[in-house]
Amino acid sequence: MSTMTGGAVLQWPESLYRTFHRKPGGGQESTHYCPGCGHGVLHKLIAEAMDDLAIRERTVFISPVGCSVFGYYYFDCGNVQVAHGRAPAVATGIKRALPHSVVISYQGDGDLAAIGTSNILHAANRGEPITVFFVNNAIYGMTGGQMAPTTLDGQRTTTSPRGRDTMDTGSPLRVSELLSTLDAPVYIERVALTDAKHIMTARRAVRKALKAQVEGKGFSLVEVLSPCPINWKMDPAESKAWITDHLMPAFPLGVYKDVLAEREPQTRLAPQLALDKVAELFAAEPSVERTGEPTWDGVADRYREPQVKIAGFGGQGVLFLGSLLANVALRRNYHVTWLPAYGPESRGGTANCNVVISAEPVASPMVTEPSVLMALNAPSLERFEPTVTPGGVIVYNSTLISKTPTRQDVEVVAVPATAIADELGETRAANLVLLGAYLAHTGMFSAAEVEATMDQVLKSHGMLELNRQAVARGFAATT
Amino acid sequence: MAVELVKGNDALLRGAVLAGCRTFYGYPITPSSEIAESAAALLPQLGGTFVQSECEVGAIQMVYGAASAGERVMTASSSPGISLKLEGVSYLVGSELPAVIIDIMRGGPGLGNIAPAQGDYFQVVKGGGHGDYRLIVLAPNSPQEMCDLAMLAFELADRYRNPVVVLSDGFTGQMMEAVEFPVPVTSIPPKDWAVRATPETSGNLINSIRLMPEDLEEHVTALFEKYASIEAAEVRYEEVQTADAELVVVGYGIVSRLLRAALARVRDQGLRVGMLRPITLWPYPSQRLAELAETASGFLVAELSTGQMVEDVRLAVNGRRPVAFHGRYGGAVPSVDELVKAIEAAYPAEGRSA
């Protein structure tokens, strides 16, 4: 970009700052790039395209880590500087927040093709409608000439001092070829900054890639073979010849993907508060109308303040049974907690949950010594019977549990829950039969209260009559 | 009045929605995945954004992008995923970007397990990312607080332009309790500093580089002046029966619920025990603990770790009183009985005779 400093520039792009006011320590008329570097040329091509497309004020330029880390010194637009390799992820966040923006992710080969490989691959695969300029100079510039994923076979760098051994370090990564195998990208081209002819091709590619975004077509990427004379240890003229003689054979120029003509523009809207919709969605969630006082009136002392453990096979409606019981109690203004066993404990075919009901705020939601055990299958009874507190209640599904509880210091209620549910034509309603039996035995809540609760919390009312019958049969089973 | 029985993880996401968050980037991990699932279900219906990212690192950087653009944005994960996000968190701090990060802690180190734990205190409260920084850390102990503190998190993040973490655990995320949802935020204060792709904001820069040492020192000094103002204004805690307490127990999150149950039992035995529950883990209620060290004879800290927060209690008490510790870890959770015994063991001898 040395041409910019001499006043010999024919036309200064509006999209580049005139004076680089963010550049510290003086020299604000010139860039921080080395003589013969390709970044300045590419910056100018991008800025000219921004001017021509009249997008400067809605462009967000993302500066990566690498030599172009200070891209924000130069581009007169919104600027965001980011972590190494993450520009496509950051671009995703910006573009989805600001669909009207033009987001430029400007990245070098270490940034894009090494540390940030997953981010560029997935942004491209999602078809994020952003524009990526990928500067491939086959070396790490900013950090002083280390091997890049694009370093050529045999090329000497500070970390491949005997020349890159592709048997040891892999072959140069061809990003344009790789990404063009994906469905989503709309335009991918590789160009080179060597002579005027190639720079004119690059100029057209830059414009096309930005225009693709302006038109909402999707993800576009231009890979730019770019000279790094300092780290290649060449003069600028030699470095251009080296691109032609060595880089181009390894990274052939050309259009790798162009489906611009066949892609329809995407329309995405900026996120809105949509408060009406929020109110609607929240109102649709099941809730209960609180009624009555949590007095335990009419409930025997030993059944008050229950700590309930409910257990059975997965699919027996253990968690639902617990949440229904909790909701019945909540409707009556009791304090309740419901806590499921989760993760591996909930897999492998068993499920259990804890319900605590109290007239006072509940401290611990964990039930380690239940005063009530509702067991829907044999393993559950076996596992939790020993944990029930003396004087507690065990309600169990006697259809599936042939072995009766052995504890003599607890109340035992046997209910042929599955058999009753089968009579009703729905074996899965056994849980509600068991609930009915528990409530009838303890006098905690009436069948009508369960019904009223189900009416309020069940999203689908298709099963309501069946559920009502199951609860009623449970109530009848203990009398 | 209508009331809902709501899971902690759901309450949290709905709190975020009420706070005006319409943007979620995240990666699945147990036991936080339900938050992502709720976000995937809810946010697109509101015209918002949900993206399941390629990785945790990608998720936090998408958050960085959305925050740069001025969105109220969140991500949620669980301990190993939070480890991966911490690089991005450091960048968020450096660039002074508001964001809300949810950590539903699980057992570690390594893959550990998915049971509830509190082993992330060090990495979240003390740092974990590079450089000098602080995160505001909120520790809910109920589904209601999952909602309320999620809302507060967005407000504090915007007010201080700093990431806020809601640090919770599998139990608080999975449990259901009655939740009353507050009214939604109806407008979000404008962010003049954001890059909004508009003429007014085209001169804005989001950046964490300060190349010159004097510039970076000045920047970090300004951050810590901001942190001093947060410490002065935002300490939150709950106190239970501390007025006459000989022993003060300290625990956060689900542990505070278990301690509360133990407290009721030891009070019945005549032991004068109170509890201080930090709601903000940073800024920490150090000053209040120092005051309690004047009146109480001892402290007991309980955590689902080998002892992380206990260091902050010891710093606050500063050697004036004994600080005992009871920890379970690896996904194990203490029973109330066990905590009662720990309280009895820690109860000061002079308190017994009093």
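This is a predicted model: local features need pLDDT of at least 70, side-chain atom pairs count only at pLDDT 80 or more; totals for chains, interfaces and linings use all residues.
**Entry 1. Domain 1 against domain 2, chain B**

Domain 1 of chain B and domain 2 of chain B bury about 2,400 Å² between them. Of that area, 56% lies on carbon and sulfur atoms.

I then checked the bounds. The domain assignment of chain B puts domain 1 at 4-233 and domain 2 at 239-353. Taken over C-alpha atoms, the centres of these two domains are 29 Å apart. I find 32 residues of domain 1 of chain B in contact with 25 residues of domain 2 of chain B.

**Entry 2. Charges and polar pairs between the domains**

How many salt bridges join domain 1 of chain B and domain 2 of chain B? The count is three. I looked up a salt bridge between Glu145(B) and Arg277(B), and its N to O distance is 2.8 Å. Across the interface of domain 1 of chain B and domain 2 of chain B I also note 16 residue pairs in polar contact, both residues at pLDDT 80 or more.

Next I asked which elements line the domain 1 side. Those giving two or more residues include helix H5 (121-126), strand S6 (136-138) and helix H6 (143-160) of chain B. H5(B) gives the largest share of the side of domain 1 of chain B that touches domain 2 of chain B, four residues. By class, I log 19 nonpolar, six polar and seven charged residues on that side.

**Entry 3. Chain B against chain A**

I moved on to the two chains. Here 76 residues of chain B are in contact with 68 residues of chain A. The two chains bury about 5,700 Å² between them, and 66% of it is on carbon and sulfur atoms. In chain B, Leu5(B), Glu54(B) and Ala197(B) lose the most area to chain A. Together they make up 10% of what that side buries.

Glu54(B) turned up again. Which residue of chain A does Glu54(B) meet in a salt bridge? The partner is Arg126(A), with the closest N and O atoms 2.8 Å apart. The rule finds two salt bridges across the interface of chain B and chain A. I note 19 residue pairs in polar contact between the chains, both residues at pLDDT 80 or more. Helix H3 (residues 56-68) of chain B gives the most to the side of chain B that touches chain A, eight residues. That side has 42 nonpolar, 21 polar and 13 charged residues.

**Entry 4. Strands**

I looked for strand pairing between the chains. Strand S10 (residues 335-340) of chain A pairs with strand S8 (residues 176-179) of chain B in the antiparallel sense, over two bridges. Thr337(A) stands opposite Glu177(B) in S8(B).

Then I traced an open sheet of eight strands with mixed pairing. I wrote down its order as S7(A)-S5(A)-S6(A)-S4(A)-S3(A)-S1(A)-S2(A)-S9(B). Why is one side of S7 (254-258) of chain A and of S9 (205-206) of chain B left without a neighbour in the sheet? Because these strands stand at the edges, each with a single partner strand.

Last, I checked a pair within chain A. Strand S4 (residues 131-136) and strand S6 (residues 220-225) of chain A pair in the parallel sense over six bridges. Val135(A) has Val224(A) in S6(A) as its bridge partner.

How values were computed: Residues are numbered from 1 along each chain as its sequence is written. Chains are lettered from A and ligands numbered from 1 in the order in which they are written. Side-chain values use heavy atoms; hydrogens and water are left out. Contact means heavy atoms within 4.5 Å. Buried area is the accessible area (1.4 Å probe) that two parts lose on being put together, summed over both. A salt bridge is a side-chain nitrogen of Lys or Arg within 4 Å of a carboxyl oxygen of Asp or Glu. A polar contact is a pair of N or O atoms within 3.5 Å; within protein, one must be able to donate a hydrogen and the other to accept it, and residues adjacent in sequence count only if both atoms are side-chain atoms. Ala, Val, Leu, Ile, Met, Phe, Trp, Tyr, Cys and Pro count as nonpolar, Asp, Glu, Lys and Arg as charged, and the others, Gly among them, as polar. Two strands pair if DSSP finds at least two bridges between them. Domain bounds come from an automatic or database domain assignment.
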